[in-house]
Amino acid sequence: MSKKSHSRALTKRHKVAIAGVATLGAAALAFSAVPSNAETTTSEAASAKVAYSSEQLKGLRSDVTEQLAATSLQAQAAEAAAAKKAAAKAASEAAAKKKAAAEAAAKKKAEQERKAKAAASRSAKRATVKAAATKAYANNLDGWIKESLDIMKSKGIPGTYNGLYRNIIRESSGNPNAINNWDVNAVNGTPSIGLLQIIKPTFDAYHVSGTPFSQYDPVANIVASANYAADKYGSIDNVNGAY
């Protein structure tokens, strides 16, 4: 075999070996190749150096570059997905906070409205009570009975105008200063006094709060007597004689 044929055989075998090398930093490789159809290898062929193909090196660099680029794209995609997830979580938390704030505001508003209504109701009641308290009544028997009926109604004491008027006329003829000094009560030191001729112990026991603490006061006398009659007879209307 000639030197020329040895050179061609070595070149072909070296190309096959170089294609399998992954390390790009190798500068040169030494090969000893023996063709399958040669009987001996010449010293010239053994000392021959391998020449790298620039096209092969470029191809390997290109493959590595593409792999790095693909890895970079994957990392960027992962970061983008993580950022998107974080943004979605932040948006969800913000929406939850906004909803909670709206609910708290609505609850506070409802509570304020409830308090305002309660205050308005209390004001209305005070105005009603004040109006009743400042209602003008005539300073006579008719006015005393009407004022007494309003107080009796607020206290739940039964009685009518006719029932009061009838008993007042029988007991005192409408005189708030009338005193009975001759009956058994007078003998016992507790004379009957006022429009409905009530004795002091009974007046004290059945006195209605908000009225003067005096048997001679016409309104206080009427409502205390009506309160006593309601307890003993069911109503002043049921009294038709001395009681």
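A residue counts as partly exposed when its relative accessible area lies between the buried range, under 20%, and the exposed range, over 50%. By this rule, D204 is partly exposed, because its relative accessible area is 33%. The legends below describe a predicted model, in which a search of the whole structure finds 5 salt bridges. Side chains of opposite charge can pair when their charged atoms come close.

**View A. The salt bridge between K200 and D204 in helix α7.** The side chains of K200 and D204 meet with an N to O distance of 2.8 Å. Both residues belong to helix α7, which spans residues 200-206, and they stand 4 residues apart, about one turn of the helix. K200 has a relative accessible area of 39% and is partly exposed, and D204, at 33%, is also partly exposed.

**View B. The salt bridge between R114 and E111 in helix α3.** The closest N and O atoms of this pair are 2.7 Å apart. Helix α3 covers residues 54-133; because R114 and E111 are 3 residues apart in this helix, about one helical turn separates them. R114 is partly exposed, with 47% relative accessibility, and E111 is partly exposed at 33%.

**View C. The salt bridge between K146 and D142 in helix α4.** Here the N to O distance is 3.2 Å. The two residues lie 4 residues apart in helix α4 (residues 141-155), so they are separated by about one helical turn. K146 counts as partly exposed at 42% relative accessibility, and D142 counts as partly exposed at 29%.

Conventions:
Residues are numbered from 1 along each chain as its sequence is written. This is a predicted model: local features need pLDDT of at least 70, side-chain atom pairs count only at pLDDT 80 or more; totals for chains, interfaces and linings use all residues. Side-chain values use heavy atoms; hydrogens and water are left out. A salt bridge is a side-chain nitrogen of Lys or Arg within 4 Å of a carboxyl oxygen of Asp or Glu. Buried means under 20% relative accessible area, exposed over 50%, partly exposed in between (1.4 Å probe, protein chains only).
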